[in-house]
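Subject: Structure handover and findings

Dear colleague,

I am handing over the structure below, together with an account of what was found in it. Please have it open beside this message as you read.

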Amino acid sequence: MTATEIVSTEPATGAVLWRGASGDAAHEVAKARAAWPAWAARPLAVRIETLRRFANTVRSRIDAFADLIARETGKPLWEARTEVESVINKVDISVTAYSERTAQRRFEGALGAKSAVRHKPHGVLAVLGPFNFPAHLPNGHIVPALLAGNAVVFKPSEKTPATGAFLVDCFHAAGVPEEAIRLLVGGPDEGRALAAEPGIDGLLFTGSARAGMALHRQFADTPSKILALELGGNNPLVVWDTPDIASAATIAVQSAYMSAGQRCTAARRLIVKDGAHEPLIEEIGRMIDRIIVDQPHADPQPFMGPVIDNATADQVQERFLDLIMKGGRAIKQMARRDNALPFLSPALIDMTGVSNRPDEEIFGPVLQVIRVADFDAALAEANNTRFGLSASLVSGSPELYDRFWGSVRAGVINWNRPTNGAPSNAPFGGVGLSGNHRPSAYYAADYCAYPVTSSEAEQPRASIGVGLRDN
Ligand code: NAD
C-alpha cells in the first residue's frame, strides 16, 4: 500500500500538531510475528515488571502526555489528566484481572492423574483505537494483551496519531521490545489492511458500530481469529419520581455532555414522565446555560471542549437539524460560535411523538427528551434501540430500580449515577449493536489468552476394562 500523509490538527485552534506518513500493515505484522515467541517465553513476573516500568514511565511524563491529549482531542486538560491516570492504573488492574480470570488451576483427575487449566497467548493481536479516549481505550487492550504474552500492532485513530505514538514510545522506553508493540499510523484503509493480514491472530477494536460491523464481515471467513468489538450506544437515562431535581439535572448534564458528548456511554435519550417533566427540563436548561465550552487550556477550565474536527461538527449539526425536520422541538438550540472551529454548544430537543426517530448514535452534545405516560412505557422506550451499552435510572425507589435492572438490555446499568464513568476494575461492554459479547476492561484478560486443559501423569498408566477378548 502506498503511504499517504496523515496530519493531526488541534481541534480548538486548527493548528497542525503532528504529521507523518501512513505505515505498512504487512511490515509491522511481520516484525511482531517474529518477536512474539520470545516475549511470550519471558516469565510472567518479568512481563509484569516491564509493564510496571511502563506505568512509571507514563507517570514521569504525565504533564506532557495530558497536554498532548488535550491538544489533539480538544478535551479539557483536567479530563486529559484523568485519562493518563487511567493509563497508569490499567497495569495493576490488568495484573489482578490476569490472575483472577486466567490463572493456572490444578485439580485431581482420573487414575491418579492431575488435571490442569492454563492459558496461552494467541500470538499477534491487532488493536484499533478510537479518537475519543486515544490513550486509555487502546491501552485497555494493549496492556492485557502484552501481559498475556501476545505481541501487538496498534493503529491509533487517524485523528489522534500523536497520542498513539506517545503511548507506544512509553512502552519502548520502559523496556517492552520494539518488535513486541508496533505502531501503525493510518486511517480506515490501514485498519482494513491490518485486519486482512494473515499474520494476525486476532483484532481488538474500539470504535463505531459501522466499522465494527464491517470488521465482523471481514472476519467471516476466519472464525479461528479472535475479534473483540467495543462499539457505540444510543443510551437511555430514565428520570422517574425523584424529588431531587437538582441532582437529577446534574446527572443528566454529566451523562449527555461530558467530553462534548463524545463518550460511548453518553446518554442520548432522556426519558421522563409526561406532565411531571417541566421542573427537570427547566433545571437542565439552566445548567446548560452555565456550561463553559472552551479550549482545553482555558482558565477557568471548561466543562467541555470542541468536538474532534470541523467535519464532525458539521455532521452533528446536520443530525440535529434532521431531528428538527422530523418534528423535534428544540429546547436548547445547537450553536456554533465560529464556523471555522468545531465548538458546539450543548443541545436539548424534545422528540416526543416523533415516530421516525432514528436509532443512531449522534456522537456529540445532543440529548433527546422523550416524555412517556407510565413506567412500563419508560422501560419500553429505554429498550427501543438496537444498541445496548449503558442505561441509568434516576429514582429514589428500589422497586423501580429492580424492574429497570431486570428489563433493560445493556452491559452497564446504573442507579442514581450518570450513564458514563464505569468502574475500571469491572468488565465493560454492551449487547446488541454495542459489541459482540467480548467485554473489555476487567474481562479483557479473557480475550487475550485461550484456555488449555491438560490431563497429566508423570508416568504412563493405562488399562481397558471392557470390550477386550481374553488372551
Ligand atoms: P471509528 O469506527 O470511526 O474508528 C475507530 C478506528 O477504526 C480508527 O482507528 C479507524 O481508523 C478505524 N477504522 C474505521 N473504519 C474502519 C474499517 N472499516 N476497517 C478497519 N478499521 C477502521 O470510531 P471513532 O469515530 O474513532 O470513535 C468513536 C466511536 O467509538 C463511537 O461510535 C463510540 O461510541 C465508539 N466507542 C466505543 C467504546 C466502547 O468501549 N464501547 C469506547 C469509545 C468509543
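What follows goes through the domains, the interface between them, the ligand and the salt bridges.

Please bear in mind throughout that this is a predicted model.

The protein chain is split into two parts by the assignment: domain 1 takes in residues 5-231 together with 435-456, while domain 2 covers residues 235-415. Their C-alpha centres are 31 Å apart.

As to how the two domains meet, 21 residues of domain 1 are in contact with 24 residues of domain 2, and the area buried between the two domains comes to about 1700 Å², with 63% of it on carbon and sulfur atoms. On the side of domain 1 that touches domain 2, the elements giving two or more residues are α3 (62-73) and α4 (77-102), and the largest share, 5 residues, comes from α3. Sorted by class, that side of domain 1 holds 10 nonpolar, 5 polar and 6 charged residues.

Turning to the ligand, which residues come nearest? Of the 28 residues around the ligand, these are Gly129, Glu158, Ser208, Leu231 and Glu361. For glutamate 361, an N or O atom of the side chain lies 2.5 Å from an oxygen atom of the ligand. An oxygen atom of the ligand is likewise found 2.9 Å from an N or O atom in the side chain of lysine 155, whereas for arginine 192 a polar side-chain atom is 3.1 Å from a nitrogen atom of the ligand.

Finally, the salt bridges, of which the rule counts 32. One of them joins the side chains of arginine 33 and aspartate 201, at 2.7 Å from N to O. Arginine 33 belongs to helix α1 (residues 25-41) and aspartate 201 to the loop between α7 (188-195) and β8 (202-206), so this pair ties together parts that lie 168 residues apart in sequence. Another salt bridge is formed by the side chains of lysine 159 and aspartate 309, with an N to O distance of 3.9 Å; if you re-run the count, please note that this value sits within the 4 Å cut-off of the rule.

With best regards

How values were computed. Residues numbered from 1 in each chain as written. Predicted model: local features only at pLDDT ≥ 70, side-chain atom pairs only at ≥ 80, totals over all residues. Heavy atoms only, no water. Domains from an automatic or database assignment. Contact = heavy atoms within 4.5 Å. Buried area = accessible area lost by both parts, 1.4 Å probe. Helix = DSSP H or I, 4+ residues; strand = E, 2+ residues; numbered from the N terminus. Nonpolar A, V, L, I, M, F, W, Y, C, P; charged D, E, K, R; others polar. Near = heavy atom within 4 Å. Polar contact = N/O pair within 3.5 Å; in protein donor to acceptor, adjacent residues only side chain to side chain.
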